[in-house]
Amino acid sequence: MIEKHIILEDIDTVVFYGVGNSHLQIIRSLFPKLRIVARDNVIRVLGDEQQIAAFEENIETIRRHVLRFNSLREEDILDIIRGGRAKEVPDDVVVYSMSGRPIKARSDNQQRLIEAYKQNDMVFAVGPAGTGKTYLSIALAVKALKDKTAKKIILSRPAVEAGEKLGFLPGDMKDKIDPYLQPLYDALEDMLPQVKLQDMMEKHIIQIAPLAFMRGRTLNDAVVILDEAQNTTPAQLRMFLTRMGWNTRMIITGDMTQIDLPRSQKSGLIEALHILNNVEGIGVVNLDVRDIVRHKLVTRIVNAYEEYDKDYNNNKNESINKN
């Protein structure tokens, strides 16, 4: 008899073991001749060498299943151990959320964003609030990390004040900046186990930082996402784009209707889209109100504001012409 220790890496062990260790009990019943003890992310197994080899192979298949789907059912365990077959991820699914929900394109333009990411090293995704630009981009980054096509994820935003003042927020600089980065944290928490996410951030596998912290860096072997790029100045965005290193993909998202820069300041995103329009290796995807995947009222709100802006600009032009 031999003893083997198996470490469950990159997954939520609560999902793997099941509520009240229900999944572990099923696994034990399928390997009655082995003594199986689990604690934290380590499974200790004692028994015949050949049976342990078969057990280890099945546990790895189950681990990969949890890594892909963020869920595990009794039927999945039986299919893997008794049937010898693992469930495949459908082609249209990017990753699965922590609740086991498939994250995939929900509109034609969102699918264009996925295809543009596959075909280009740099992608600009431009559209109004609620079109899934940021969420889908982070899903693509998480997939790259899970598939080991990237070694790290770097997420950034310009810390531009939209009516609030950083100096009046409590805490140190990190505390003041974090509210601007919260949407990025929210998306990551929906796709990665909390403990694993915290570990990845402590090891700098996942980095979230204001745009100003990018200066002087060269970003290699990473998926880099710049969110809210409409609030960058031309100099800031130029600095960011030139941080790109080897084996790196960049996604730049922005909403032209939510520019919070001073009126006298030109948006770096507008300038970049004009300058880089025909550069090989750069994809541009424009999303619109038809791609909004939030509450249906968001679509109506966006449409109402677009009509208001159109009327305002028309009246402004008529006033200028009269004068």
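**Sheet and helix packing in a predicted model**

Helix H3 passes helix H4 in a right-handed crossing, meaning that the near helix is turned clockwise from the far one by less than a right angle. Helices (H or I, at least four residues) and strands (E, at least two) are DSSP runs, numbered from the N terminus. This is a predicted model, in which local features need pLDDT of at least 70 and side-chain atom pairs count only at pLDDT 80 or more, while totals for chains, interfaces and linings use all residues. Residues are numbered from 1 along each chain as its sequence is written, and side-chain values use heavy atoms, with hydrogens and water left out.

Helix pair H3 and H4

- H3 (residues 49–69) and H4 (residues 74–81) pack at about 140°, their axes 10 Å apart; axes are lines fitted to C-alpha atoms, for helices over the stretch in contact, and angles run from 0 to 180 degrees between N-to-C directions.
- H3 is therefore oblique to H4, the class left after under 35 degrees (roughly parallel), over 145 (roughly antiparallel) and 65 to 115 (roughly perpendicular).
- Asn58, Thr61, Ile62 and His65 of H3 meet Asp76, Ile77, Ile80 and Ile81 of H4, where contact means heavy atoms within 4.5 Å.

Six-stranded sheet

- The open sheet has the order S8-S7-S9-S10-S6-S11, with parallel pairing; two strands pair if DSSP finds at least two bridges between them.
- S8 (206–210) and S11 (282–286) are at the edges with a single partner strand each, so one side of each lacks a neighbour in the sheet.
- Four bridges join S9 (residues 222–226) to S10 (residues 249–254), and Leu226 stands opposite Ile252 in S10.
- Helix H9 (residues 234–241) packs on the sheet, touching S6 (122–126), S9 and S10, and its direction makes about 155° with that of S10.
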